[in-house]
Structure formats: structure tokens, C-alpha cells
Amino acid sequence: MSEKQGPSVWEGFKTFLMRGNVIDLAVAVVIGAAFTNIVNSVVKGVINPLVGAIGTQNLDSYRSCLKGPCEVAADGTVTSGVTILWGSVLGATLSFVITAAVVYFIMVLPMSKYLARQEARRKARESTHEVIEVTELEVLKEIRDALLAQRGSGQDQQR
């Protein structure tokens, strides 16, 4: 029973790990996890106090009673009724928007500007190279025309 077998599971796993996008994804996850602490600090230290100026600093305490009577224990758990915890959704949404904004303005926007400058420089070098090639071609044509003109005028004088 000698059947052809494809690559082993181990070889497939090694190939998967060696792809560049897997490494990029791993780096992104690690940076994202570290970045979460920064975002949570901004929400806790800046956003919550701003919201607290209007209401309470703890967004999790914002809730609505869907089916009453709603009773909430001192620790925040709902003992009776059905409540919608829209404050925690709002807090998570604010964290996401802040994270997306910081990533965009600190990482994505500068990188796209950098890549655009690199592309503009590359195109400028290519256009300069094309101009030089065209100029050399024109010079060679002028030399050829001058040689032909000299040859033609030299033959006219000999006759």
C-alpha cells in the first residue's frame, strides 16, 4: 500500500508560519494588546471625566429598564427586570473610535504620506532618466544630420 502522500502536516504548518502576513499579523496583535492599555487610560482619564461633567464618570452605570420593575443591587447586578446596558456599549464604542483615530493619525496617515513621497521621488527619477535618454537620442540625431550635411557639402565641392 504505497500511496502518494502530500506534504506532511508539520511541513504545511511551517509553510503557514513562514508567510510574511502571519508575522505581520502577530506583530499587529502584540502592538494592539499593548496599545489597549493606552486607550483604556485615555478613556478612563479623559473621556470618562468629560462624560462625568454631564452625568456620571462610570459609563457602565448608564442603563435603561426594558421590562420593569428593574432593581439593581449595590454591586451593579440586575436583581429583577430586564435592563439594557447601553452605557457599556457606549464606552466600548468610544474606546474603538479613539483606538481607530490614534492608529490612523499616528501610524496610517504618516506611513501613507511617506509612501506617496517615495513614489513621487521614484517617478521623478524615472522621468529624469527618460528626459536624459531623449536628450541623448536627439544629440545623436543632430550629430548624424551634421555628418550627413558635411558629407553632402563635401561631395558638392568636389564636382
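Which residues make a nonpolar surface patch of about 770 Å²? Select Ile23, Val27, Ile31, Tyr104, Phe105, Ile106, Met107 and Val108, and you have it. Keep in mind as you look that this is a predicted model.

Now colour helix H2 (20–54) and helix H3 (86–158): each supplies at least two residues of the nonpolar patch. H3 gives the most, with 5 residues. Click on Ile106, which is found in helix H3. Ile106 has a relative accessible area of 58%, and anything over 50% counts as exposed, so Ile106 is exposed.

Next, zoom out to the whole chain. Buried residues make up 9% of the 159 residues. The accessible surface of the protein chain comes to about 13,200 Å², with 64% of that belonging to carbon and sulfur atoms.

Time to look inside. In soluble globular proteins, nonpolar side chains tend to be buried together. Here, select Phe35, Val39, Val43, Ile47, Val51, Leu59, Tyr62 and Ile98: these 8 residues are the largest nonpolar core. H2 gives the most to this core, with 5 residues.

On to the rings. A search of the whole structure finds 3 aromatic pairs. One of them is Trp10 with Phe13, a tilted pair at 6.0 Å centre to centre and 35 degrees between the planes. Both sit in helix H1 (residues 9–18), and because they are 3 residues apart there, about one helical turn separates them. Trp10 counts as exposed at 56% relative accessibility, while Phe13 counts as partly exposed at 40%.

Then pick Tyr62 and Trp86, another tilted pair: 5.3 Å centre to centre, 35 degrees between the planes. Tyr62 lies in the loop between H2 and strand E1 (64–72) and Trp86 in helix H3, so the pair ties together parts that are 24 residues apart in sequence. You've met Tyr62 already, as one of the core residues. Trp86 is partly exposed, with a relative accessible area of 38%.

Last stop: Thr83, in strand E2 (residues 78–84). Is Thr83 buried or exposed? Its relative accessibility is 19%, and the cut-off for buried is under 20%, so Thr83 counts as buried. Show what is around Thr83: leaving out residues up to four places away in sequence, Thr83 touches Ser64, Cys65, Leu66, Cys70 and Val78.

Technical notes: Residues are numbered from 1 along each chain as its sequence is written. This is a predicted model: local features need pLDDT of at least 70, side-chain atom pairs count only at pLDDT 80 or more; totals for chains, interfaces and linings use all residues. Side-chain values use heavy atoms; hydrogens and water are left out. Patches are made of residues with over 30% relative accessible area and no salt bridge: like charges are joined within 9 Å, nonpolar side chains (Val, Leu, Ile, Met, Phe, Trp, Tyr) within 5 Å. Accessible areas come from the Shrake-Rupley method with a 1.4 Å probe; for residues, only the protein chains shown count as cover. A salt bridge is a side-chain nitrogen of Lys or Arg within 4 Å of a carboxyl oxygen of Asp or Glu. Helices (H or I, at least four residues) and strands (E, at least two) are DSSP runs, numbered from the N terminus. Buried means under 20% relative accessible area, exposed over 50%, partly exposed in between (1.4 Å probe, protein chains only). Contact means heavy atoms within 4.5 Å. A nonpolar core is a set of buried Ala, Val, Leu, Ile, Met, Phe, Trp, Tyr and Cys residues joined through side-chain atoms within 4.5 Å. Rings of Phe, Tyr and Trp (its six-membered ring) pair if their centres lie within 6.5 Å; planes under 30 degrees apart count as stacked, over 60 as edge-to-face and the rest as tilted.
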